[in-house]
Amino acid sequence: MTANTNAQNTESTEQQRAYAVLICDLVGLRFGPDGKPDASEVQAHIETRGGRFHAGALGDKASLEHGLVHFFYQPDLSTREELIEAAGDGRYDAVIAAATFLPAETVFPLAGVRIGAGTGNMGSRSWGGGSGEGGTAVLMNTPGINSRATAQMVMKAILKVLPDIDVDTLHDRVAGSMFDTGRDLRDFPTEKLEGKTIAIIGYGNIGREVAKLARAFGMHVVVHARPRHREWIEAEGFVYAPSPADAAQGADVLSVHVGLGKQDAQTGGYANAGLVGAEVLSRLNKGAVLVNYDRGELVDVAALGDALDAGRVRHAAIDADLFRDASTGSLSGPMLPYLALVEKHGGKLELLPHAAADTDHPSRVAGAKQAVDQIFDVIRRRSVTNAKGTVPPEYVSLGATTPSGVGPVTAGNLLKLSVQECSELGDLCDLQARFWKAMASADPEQRRDIVAEQGAELVRLINRFCLVAEKSNLTGPYQ
């Protein structure tokens, strides 16, 4: 059967039925005129694609207009019981989620998309849980959408305590007219962030963005990741560490970005749970800062308590899910173990409810729009982008995609260059090559003359080349 025939059959099948998609998280975080989070941008995108947006739950599926993809917006669903009641019978063909945990008992025959990178919350048995292995439906994500937002929040957490100048006390004294710069400023010595060492565990989209920001602050960046990343880590000017403990050795800051890893089918545990334990924490410089804006389970909380007791860690910023049952008040989620540290170490902790990236409105909207597009592609074209785990044989995998400038360089980035961009890059390289060849064959006196005449122009050429390459996403690992 030809590709055209397949496409015709798919189109024909689509026209014979209606598709229902559940959206169980907010897809707009700014407030509208009614004082509620505004989903209008994503609604407009759905309607532009020819779909229908419904604020509320699916009623009688048989009454839906055939040939259309209908999206049902229910961002207030949260508890296990609510989700199973809403989607335990397979009435929704697909789902879009962000932070909401989908129990194994929820059923989505076609697909699920997680807004963001990790898929640990996508527990539906339809695709085999968060790994996407073992089910019959497609599991996808939107990698890189919130990478920059998360990385910026990591730097915000670090800058809260480093440099360690006591800005609150200084402010209070200045505001109270109780400070003399000449006499009193010497009582507040500090050290700049430049020259400090940051250990980054993981070199995915977020880890790499943190590394780039840390370098911009003049920090010494050490990265642990799988060995296959070593060449690119070093090519970007960072130091590669073969293990998490090696990365942590002598570090002033430790930031974790590896994800939970694979789940053990027998125990339910994750491969990277407790990765940051006593051995890793003991390698840090005394008074170090720990940032875990990835998954709460990655840190051994008991070991963190010991490190806080010993002063090995002076401050820990943690971002993890915390769920509260509205009827009983009982708490659950990976943040729960950290709460035991609050009474003793509250002043050394900054605990966020998985808000580091999930409160960035542009990222959430961009991720939701991409998720909508991925759902349309699965239904209309039987094509899958950003698949996690196994792709069923009736679908075609189109690989991964990330926002411009985030993630690895791909063949697509090179193929998308315009004739003008290729020509400019070639000219920039030719002009630089002439200078360097002249410098290589010149004696010291001639070198001084060349630099005097052409040095400023060379630096301009270098800056322009770097700018064009960065805008075209031509820097970083090649995939």
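In which loop is the place of L339? L339 lies in the loop between strand 14 (331–332) and helix 12 (342–345), where helices (H or I, at least four residues) and strands (E, at least two) are DSSP runs numbered from the N terminus. This is a predicted model, in which local features need pLDDT of at least 70 and side-chain atom pairs count only at pLDDT 80 or more, while totals for chains, interfaces and linings use all residues. Residues are numbered from 1 along each chain as its sequence is written, and side-chain values use heavy atoms, with hydrogens and water left out.

The protein has 16 helices and 17 strands, and its C-alpha atoms fill a box of roughly 80 × 60 × 50 Å along the principal axes. Of its 479 residues, 44% count as buried, that is, under 20% relative accessible area with a 1.4 Å probe and protein chains only, whereas exposed means over 50% and partly exposed in between.

Strand 8 (residues 220–224) is largely enclosed by the rest of the structure, because four of its five residues are buried. Strand 7 (residues 197–201) runs parallel to strand 8 and is joined to it by five bridges, with I198 opposite V221; pairing requires at least two DSSP bridges.

On the surface, L339 counts as partly exposed at 32% relative accessibility, and together with L322, L331, L336 and V342 it forms a nonpolar patch with about 330 Å² of accessible area. Such areas come from the Shrake-Rupley method with a 1.4 Å probe, and for residues only the protein chains shown count as cover. D76, in the loop between strand 3 (69–73) and helix 3 (80–87), counts as exposed at 69% relative accessibility.

Methods
Patches are made of residues with over 30% relative accessible area and no salt bridge: like charges are joined within 9 Å, nonpolar side chains (Val, Leu, Ile, Met, Phe, Trp, Tyr) within 5 Å. A salt bridge is a side-chain nitrogen of Lys or Arg within 4 Å of a carboxyl oxygen of Asp or Glu.
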